Amino acid sequence: MQMLSVVRMFVLVGAALAAAPSAMAQIAPQRLALCAGCHGAEGNSTLKGIPSLAAQPKLFLENQLVLIREGVRDIASMKGMLDGVTDAEVTALAQYYADKSLAAVPTDRDAEVFARGGKLAEGMRCGICHLPTYLGREQIPRLAGQREDYLLHSMQQFKNNQAVGRDSNMAASVYGVSDQELQDISYYLARLTPTSPTRAP
Ligand code: HEC
Ligand code: HEC
């Protein structure tokens, strides 16, 4: 899909969701249990390759849910899972996870690798979009405290142009970055909490 049509779609999606009466929206009773089976209780994932959803910006979650529902972002293990889920329920799901707190980040920390990852991320100016705190905003995801394996997996997908239906800004951001560097960046971001220093020492 071309960039422009993706952008147009975001605009349309935003307009449609803004009109949804979110206060009245309901999440189907069995839905959260299904999501929790992979994304963990209250959106804190304990499974390899599966992202935590807790404390992500609401708009990011809304957009991704619509893209996944429409089959634009192709996730094999979620195929068909959002069929028939209304925009109102998508908004309610996004709000639910955006309001959840992130579980504690891993406490093991190799100071050298952490500092290296922080310097790389700073040098590559990831914070311009993801914010210097890496908490994300609007359609841009929080990276701080995300699972390390998922951060690495998604960046490798962007780098290898396998991120079907995802924002092409990211492919440009990680173009030519070595796997070792992506590993260091993932190590750093996964161990960042909102109260951690946001810059490498
Ligand atoms: C069978 C496992 C499974 C189930 C059940 C599941 N997901 Fe997922 N989900 C995944 C995987 C795996 C990914 C990441 C795929 C990738 O990027 O390679 C994902 C990605 C996502 C993303 C994008 C997150 C990001 O940071 O990019 C959202 C949002 C999401 N899922 C929401 C949900 C919701 C809401 C439900 C319940 C309706 C759900 N998922 C059920 C496996 C699952
Ligand atoms: C021009 C803005 C921009 C810059 C610069 C940028 N990103 Fe992103 N990033 C995004 C957007 C937008 C998304 C959401 C992609 C989508 O919608 O599929 C994203 C997604 C991601 C994801 C996937 C997270 C998830 O939960 O699915 C990772 C990991 C990531 N970025 C890491 C980085 C790193 C590391 C850097 C610096 C090398 C960086 N980004 C620079 C805009 C940016």
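This is a predicted model: local features need pLDDT of at least 70, side-chain atom pairs count only at pLDDT 80 or more; totals for chains, interfaces and linings use all residues.
I took local features only at pLDDT of at least 70 and side-chain atom pairs only at pLDDT 80 or more, while totals for chains, interfaces and linings use all residues. Residues are numbered from 1 along each chain as its sequence is written, and chains are lettered from A and ligands numbered from 1 in the order in which they are written.

**Helix 5**

I took helices as DSSP runs of H or I with at least four residues, numbered from the N terminus. Helix 5 covers residues 111-123.

I then looked up burial, calling a residue buried if 20 or more other C-beta atoms (placed from the backbone) lie within 10 Å of its own, exposed if 12 or fewer, and partly exposed in between. Phe 114, Gly 117, Gly 118 and Ala 121 are buried. Seen down the helix axis, the buried residues fall within an arc of 100°, so they line one face of helix 5; the arc is that of the directions from the axis to the C-beta atoms. Glu 112 and Gly 123 are exposed on the other side. Just after the helix, Arg 125 has a positive phi of about 55°.

**Ligand 1**

I found 20 residues around ligand 1, counting those with a C-beta atom, placed from the backbone, within 6 Å of it. Cys 35, Cys 38, Pro 51, Gln 64 and Ser 77 come nearest. Helix 2 (31-39) and helix 3 (58-69) each supply at least two residues of the shell, and helix 2 gives the most, with six.

Conventions
The expected span of a helix is 1.5 Å times one less than its number of residues.
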